[in-house]
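Hello,

Here is the structure I promised to pass on to you. Please have it open while you read, and my notes follow below.

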Amino acid sequence: AYDHQGAEAGLREFLSEPQFLDAARAFAVQAYNTRLRESHKAIFVDKTPRYYHILPFIQRLFPGAKKVWLKRNPLAVIASYQTSWGITVDQLFDPGYGPMCLDIPVGLSRLGAFFQGQPDTLEFRYEDFVQNPATSLEQICAFLGIAREPGMEMYGANPQALEERKNKRMGDTNLFAHTRPHTD
C-alpha cells in the first residue's frame with residue numbers, strides 16, 4: 001500500500017526545500033507549456049477549486065504570479081453542488097462522503113486568509129461578473145495585461161470548444177445549458 005508519510009519523509013531527505021521547489025516548478029512549467037503548445041494558446045487558466053489546500057505552496061512556486069480571486073456567495077456554491085453534481089447538503093458536510101466536505105467550512109476560510117492583503121491579486125464577486133460580464137472581463141484583461149476581445153463572454157459562440165469541453169470529466173456540466181454568463 002502507498003505510504004504518503006513515508007514517501008514524503010524520503011523525498012524530504014532526498015531533496016532540500018529549495019531543490020524540491022525547483023523540481024516542482026519545473027514539472028508545472030513543463031506540463032502547462034506542453035498544453036499551451038498543443039492548443040496553440042498563450043494563456044492557461046487553472047481554476048482548480050481545491051487549491052485552497054496548497055495556496056501557500058503555489059505562492060512559493062510562482063511568487064510573481066497574478067491571481068484572480070472570484071468570490072461567490074457560499075449558499076450559491078452549495079446550490080451549485082446540488083444542481084451540478086447531485087450532492088446534498090448533508091453529503092457536502094459529511095466527512096465520510098468525500099473531499100468536498102471541506103470545501104465550505106475549511107476552503108472558504110483558507111481562501112479568505114490567503115487572499116487577505118495578497119499582492120498581484122484581482123478580487124471580484126461572481127454575482128457582479130454575471131450581472132455585467134463585459135465590464136468584469138475588461139477589468140480582468142487589464143489586470144492580466146491582455147487585450148479584451150469583443151464577445152469574449154459569449155463562450156457558446158465556439159461550438160468546437162464546447163464540444164471538446166463536453167468530453168471532459170472535470171468541470172461544471174451546467175455550463176452547456178447557456179452560451180454566456182447568466183444570473184440563473
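At what angle do helix α4 and helix α6 pack, and how far apart are their axes? Helix α4 (residues 74-85) and helix α6 (residues 103-115) pack at about 135°, and their axes are 11 Å apart. Axes here are lines fitted to C-alpha atoms, for helices over the stretch in contact, and angles run from 0 to 180 degrees between N-to-C directions. The two helices α4 and α6 are therefore oblique to each other, given that angles under 35 degrees count as roughly parallel, over 145 as roughly antiparallel, 65 to 115 as roughly perpendicular and the rest as oblique.

On the α4 side, Pro74, Val77, Ile78 and Tyr81 meet Asp103, Ile104 and Leu108 of α6; contact means heavy atoms within 4.5 Å. The residues of this contact divide into six nonpolar, no polar and one charged (Ala, Val, Leu, Ile, Met, Phe, Trp, Tyr, Cys and Pro count as nonpolar, Asp, Glu, Lys and Arg as charged, and the others, Gly among them, as polar).

Before going further, a word on the source: this is a predicted model, in which local features need pLDDT of at least 70 and side-chain atom pairs count only at pLDDT 80 or more, while totals for chains, interfaces and linings use all residues. Residues are numbered from 1 along each chain as its sequence is written, and side-chain values use heavy atoms, with hydrogens and water left out.

Now the whole protein. There are nine helices and two strands, taken as DSSP runs (helices H or I, at least four residues; strands E, at least two) and numbered from the N terminus. Along the sequence they follow the pattern α-α-α-β-α-α-α-β-α-α-α. The C-alpha trace spans about 50 × 40 × 35 Å along its principal axes. Of the 184 residues, 22% are buried, where buried means under 20% relative accessible area, exposed over 50% and partly exposed in between (1.4 Å probe, protein chains only). Among contacts with a separation of 6 or more, 60% are between residues 24 or more positions apart.

Next, helix α2. Its 23 residues (17-39) should span 33 Å at 1.5 Å a residue, and its end C-alpha atoms are 33 Å apart, which agrees; the expected span is 1.5 Å times one less than the number of residues. Phe20, Leu21, Ala24, Ala28 and Leu36 are the buried residues of α2, and what covers them includes α1 (4-14) and α3 (55-61). Glu17, also in α2, is partly exposed with a relative accessible area of 34%. Leaving aside neighbours within four places in sequence, Glu17 is in contact with Arg12 and Arg60. Just after α2, His40 takes a positive phi of about 60°.

Two more residues are worth a look. Ser136 lies in helix α8 (residues 133-144) and is buried, at 7% relative accessible area. Not counting residues up to four places away in sequence, Ser136 touches Asp128 and Phe129. His178 is in the segment after α9 (159-166) and counts as partly exposed at 23% relative accessibility.

Best wishes
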